[in-house]
Structures are given as structure tokens and as C-alpha cells.
Amino acid sequence: MKLKKIGVLLFALVMMFSLAACGSSSTSLKPEGDKEAGASGQQKPSGEAGLLNGAGSSFVNPLFSKMFNEYSKEHTDVKVNYQAIGSGGGIKQLTAKTVDFAASDAPMKEDEIKAAGGNVLHIPVTLGGVAIAYNLEGVKDLKLTPANIADIYSGKVKKWNDPQIAANNKGVKLPDTDIFPVHRSDGSGTSHIFTTYLNKAAADKWPKEKVGKSIKWDNVGTGAKGNEGVAGQVQNTPGSIGYIELAYVIQNNMTAAQVQNKDGQFVAPSLDSVTAAAQGGLANVPEDLKIELNDQPGKDSYPIVGTTWALVPEDLGMDKAKAEKMLTMLQWTVTDGQKYASDLQYAPLPKELQDKCVAQLKKVKVDGQPVLK
Amino acid sequence: MKKRYGDQLFKAIAYIFGCSIIAMLGLMVWEMFRGSSFALDKYGLGFLFSSSWDPVTEEFGAWPFIYGTIVSSLLALVIATPISIGIAVFLVEVAPKWFRDVVGFLIELLAAIPSIVYGLWGIFVLGPIIREYIAPVFINTLGKFIPFFAGPSFGVGIFTAGVILAIMIIPTIASISREVIMVVPDAQREAALALGATKWEMIRTAVLTYSRSGILGAMIIGLGRAIGETMSVTMVIGNRPEVPDSIFDPAYTMASVIANEFNEASSDIYLSTLIEIGFLLFAVTLLVNIFARFLVWTTSRGIQEAK
């Protein structure tokens, strides 16, 4: 009898606690509209000094996981908790000051920086190519110009044997079948890189209104969720074409088209050709490191390349010991940590760019004092 | 005295639990209303009927999503209902007892498969089958006269989504229908047989007629599930925010657009619009479920009166 009573009470307690837990977690989905969190002043992210919280780009997640894991082995007092919730989500969390740093595949817009309250530094952490994968039996070396790709994705070129495609593919027997373009259905940095590229390399065919993480696609083809979704759709649908992160294409042994670069050469996507593009882009790196690596000069440069940035507020609202730990960690990420990139199919940052990243990290201040020496 | 104190404590706790459901529902409605108020103010009722979806210029309309949700769910219902009723009738009236238990268990197992597994199966197995074998049959016959069945099919689209959804709601409809058919009094069956009906006539006149509104309720609960289903549909429907011309064209649903775009929705109006779509979806599902409860309640009352 007594035992039963205790059981009932325990059950009740458990239920109450679970209810309370539900209640407290439901506040995280606040719309950006109310800026209460930002207005209440310098809220310092909680947690002990050794635990660093980051969130954002899912593209960089495999590399970050590997890097942070290795870093924690050498520096046992630092643990990094990175959540791959998407670039936009990372920026939102940085604005709400619930994370210490964010990562994004697209640079922050002016109004986003304004909302974050104070300048946000952009530090490139890795480079990624976007490959144009296709599924066409018997065709191994497809060559495409930027105009071809723009025409395919806007429904102007509908058949594989269209004269415009055939013009760059002399001697290749192209079938008389429909082209089925596949794009990302979820908002993604990969779409941002791809559409920025088309706008840059074929501006007359791809207007500015069609550049972004999610855009209004023309009434052709289909949208698939995530890189794995696009890859699956392309592998499964004869006649399809899709843009996918390079790492994915290499790991899945997919066939990817050679794309014509700024120098008129057709270049296949690979780590080397992506790094070559970064070399080509080094000549004009802007002060704020918001580099745009699409369509760079150089005969070996692959033209569709994007950057992932770590985002750190210039004026860090946290105590100095923690700030130092975080900046040292990020400094390691852009220098020594780069050696883990190639194994995971990411292109390492060129040396000159690494130095610029470190210089950028040295600008970060706590209470007006620079942290890194 | 001691005993009464325990009872009152229990009563209070039970009340808290009971009311927490109402509070949660209310809170959800309130939060979604608050989140979507920006979009509600900006677009008003026109939001429901506009077909433009352009995140870059921030022009939003929900009509393609509403259309896609309704058509894919109705398609699922049309496919699933006859199969489910067939299963239910077979299990109650025809199958031997040992077989009934095995099949009944398997059907319930079907409901336990995670929807992402259905989605993957849809991409890799069902999509190609529809593209190669099923769609050409429709396109070459009906498609010649009715544009709604015209091709080409690439394996993803509203038809594939409908088939996946049908498979997912069959367990729901079949098991509820089975319960409803089982409560048909044996006297009804015996009376029909005594009047000289064959087994099929007995099932049609005595069993199905008697349980029709319960079966209708089962269908609507299945429909509610189809409307809200997200992951598997997102993977096979093609995610194109346009009202499709043909049943084999890619389309989009309300649940899918939220799953796809919420993560990267950075501007206030974009986020608010997605929350408004969630609000719409919530309202539709709630209405469908209330309707279903009402129908099932009418049946069970009818049976009690008959006794």
C-alpha cells in the first residue's frame, strides 16, 4: 500500500519535471522579430571557460568535428561543441548571443551585422568546390560552359543533344533525351555558391534576383533535400544533372562535368583545381576577407568555389580567459588544423590566406583590449 | 483524515495533468499566431491564394503548398481506402483465426516504420518503378486525353508522394476499420444470412452499411496523418512551389516547405511566413481530427442504441 503511494508520487514528480523541461526549452524558437534578448544588454554566453559553443554551416561540419576532436586531444582543457544547424541558424544564434562563434557559407549581410550589434569578423576556415554531377549513360567527359548551366537551370535548354551543349562536346554522342535539373530544396550555402557563380559568369542569363540560399527556381526539374538528396536523385534518374558539394561527389564516385573557367579552359572539379582557384583569387583579397572565389583566373582554376567563414564578433562579450582559449583554437584551425582538410576532401587554405586570417583574429577585443598577441 | 489528504493530492495532480494538455494547445496556438502576425499583417488573406514563392524578393504565397498538400493527401486516401477496407473485411469475416493474428500484427508493424525509411525507399525503389513501369501506362492511355495524366514522369512528383502516403496510412485506416467492423453485432450478420444472403451480400448489406460512418472516421484520421506527414513526402514530391499541371509533376506541401526552408530563413518576414504556413497546417489538421472524432462518436452511439 505504502509502496504504491510512493510509486504514484514518484511518477507524478517525474511527469512534473518533464513538463517543466518542455516549458523551458520551448523558448528557444523565438522569432527574430522581438529583440528582447539583444536589448537586455551584454549577455555573456554561459558555461565554463573551457567549453566553446559554435553553430552554423553544415558543410564544414565533418571538418570541424575532426579538427575540434584533434584539438581537444592536445589541449585537454578546451572542448568545442559545434552544432551544424545551417548557416542562417548559426547567424541567428550568434545574434542572440547563445553561441560563442558561428560558421557560414555566405557572408553576413549588412542588416544582419547591424542586428548582431557591432562588427562581426569573417575568417575563412576552408574552401569547397561545387561539382556539376550528371547521369548520362555512356557519356564520360561532358564539358559545360556557364551559359549552358544557366540555360539548363532556367529551362531554355531542354534536351541533352541541344546544339549549344553539343558545340563544346565535339565527338561525344549526346542522346536525344530530356534534361532533368535537380537543385537543393532546403536553404543552403551550396545553392548560394552555385547561384552566385551563375550570376557572375553568365550575368545576362542569370539575374541577381536568382542569387541566394533559397531562390525562386524556374519551372523545371525538382528540388531535393540536402547534398545526399540531390546525389540520390541524380544517381537514380537517367538524364538528370545536379550541383553537389565536391566532397560528396568524390566519396560517391559520381561523374561530374568539366566546367569552363575564366581563361576558357574546361576544368574538372578536384581538390587541386579548387586550391588553384584560391591561388588565382589571392591577388585581390578584400580587407575584410569576404573573398569571392567564384570564376577566378588561372588555367587550372575550377570556377565554382565557395568559402566557409567562422564568424566572431570584433568586440567579444565574454571573459578574457575564455576569449583567449577560443581565439587560440580558431588560430590553430586556420593554420596547423588545415592539415586535416585534404583527407576529408576539403581544399586547404593557401599560406598567404592563413596569415591574413591570423591577422584578422588579432583584431578581436575584449573590453577594448586585443586578446591575441 | 490521512486518506482524504492523499486523495486530494492525487486529484490536484490529476487536474494539473489534464489542464496541461489544454494549456499546451493554447500556448501553441498563441505562439504560432504571434510568430505569424507579421506575415498576416503584410499579406492578409491574399497569402492563401497567391502562387508566388520568391525568398530573394520576399514575395510569398501559400497556394501551391495548400494545393500540393490537399491533392497528395486525397490521392493517398483514394488509393488507401479500398485496400484498407479490403484488409479489414478479410481479417474479420474471411481469414482463419491464426492467420488473422499474424496479418493484424504485420499491419501494425507497418505503422511503426520511421517515415524517413519510407522516404528512402521512395527515392530508391518506388520512384524508379513509377518512372519505368507505372507512369508510362497512364501517360499513354489517359494522358492522351486528360492533361492531368500527361507525362513525362521523372519518378518524383505528386503521384509518388500519394502512393507513399497511401502505404503509410493503410495501417491506420485498416486497424480502425477492423475495430469498427468487429463491433457489428452478430445478430445482424445472422439475420442477413437467414434471409438467404450470400457471404458477399451479407458483408455488403449488414456489415459495411452498419459500420460505414466508423469507416469514414477511420478514413479521416488517415487523411489527417497524410496531411501532416513531412519527411517521406519531402523526399519524393519534388519540392517545386508551383501548382502542378499533371499528376506526375513535382509539387510541394505545407509540411515540406517548413522542413526545407526553416533552417535558413534569415529575414523576419520569411520566418514569419513559414510560421503562418505552420499555423495553417495546424488548423487544417485540427479541423480534420475534430470531424473524425465527431463521426466515430456518432457511430458508437448508434451501436449502443441498437443494443
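This briefing walks through a predicted model of a complex, from its confidence scores to its strands.

Because the model is predicted, local features need pLDDT of at least 70, side-chain atom pairs count only at pLDDT 80 or more, and totals for chains, interfaces and linings use all residues. Residues are numbered from 1 along each chain as its sequence is written, while chains are lettered from A and ligands numbered from 1 in the order in which they are written.

**Confidence**
- The predictor scores the complex with an ipTM of 0.78 and a pTM of 0.79.

**Two domains in chain A**
- Chain A is split into domain 1 (49-128 + 307-370) and domain 2 (129-305); such bounds come from an automatic or database domain assignment.
- The C-alpha centres of these two domains of chain A are 28 Å apart.
- Their contact involves 26 residues from domain 1 of chain A and 25 residues from domain 2 of chain A; two residues are in contact if their C-beta atoms, placed from the backbone, lie within 7 Å.
- On the domain 1 side, α4, β4 (120-134) and α13 (351-361) of chain A each supply at least two residues. Helices (H or I, at least four residues) and strands (E, at least two) are DSSP runs, numbered from the N terminus.
- That side of domain 1 has 13 nonpolar, 10 polar and three charged residues. Here Ala, Val, Leu, Ile, Met, Phe, Trp, Tyr, Cys and Pro count as nonpolar, Asp, Glu, Lys and Arg as charged, and the others, Gly among them, as polar.

**Where chain A meets chain B**
- Across this interface, 38 residues of chain A are in contact with 36 residues of chain B.
- Helix α4 of chain A turns up here too: α1 (2-25), α4, β7 (222-224) and α9 (226-236) of chain A each supply at least two residues of the side that touches chain B.
- This side of chain A has 10 nonpolar, 18 polar and 10 charged residues.

**A closer look at α4(A)**
- Nine of the nine residues of α4 (residues 87-95) of chain A are buried. A residue is buried if 20 or more other C-beta atoms lie within 10 Å of its own, exposed if 12 or fewer, and partly exposed in between, with C-beta atoms placed from the backbone.
- After α4(A) comes K97(A), with a positive phi near 60°.

**The nonpolar core**
- In the largest nonpolar core there are 166 residues, and I132(A), L311(A) and I164(B) have the most contacts inside it. Such a core is a set of buried Ala, Val, Leu, Ile, Met, Phe, Trp, Tyr and Cys residues joined through C-beta atoms within 7 Å.
- Helix α6 (residues 158-182) of chain B gives the most to this core, with 16 residues.
- Leaving aside neighbours within four places in sequence, the contacts of L311(A) include L94(A), F101(A) and V120(A).

**Strand β4(A) and its partners**
- Of the 15 residues of β4(A), 14 are buried, so the strand is largely enclosed by the rest of the structure.
- β4(A) runs antiparallel to strand β11 (residues 305-313) of chain A, joined by nine bridges; two strands pair if DSSP finds at least two bridges between them.
- One bridge partner in β11(A) is V305(A), which goes with G129(A).
- β4(A) also pairs with strand β8 (residues 240-245) of chain A, antiparallel over five bridges.
- There, Y134(A) has I241(A) as its bridge partner in β8(A).
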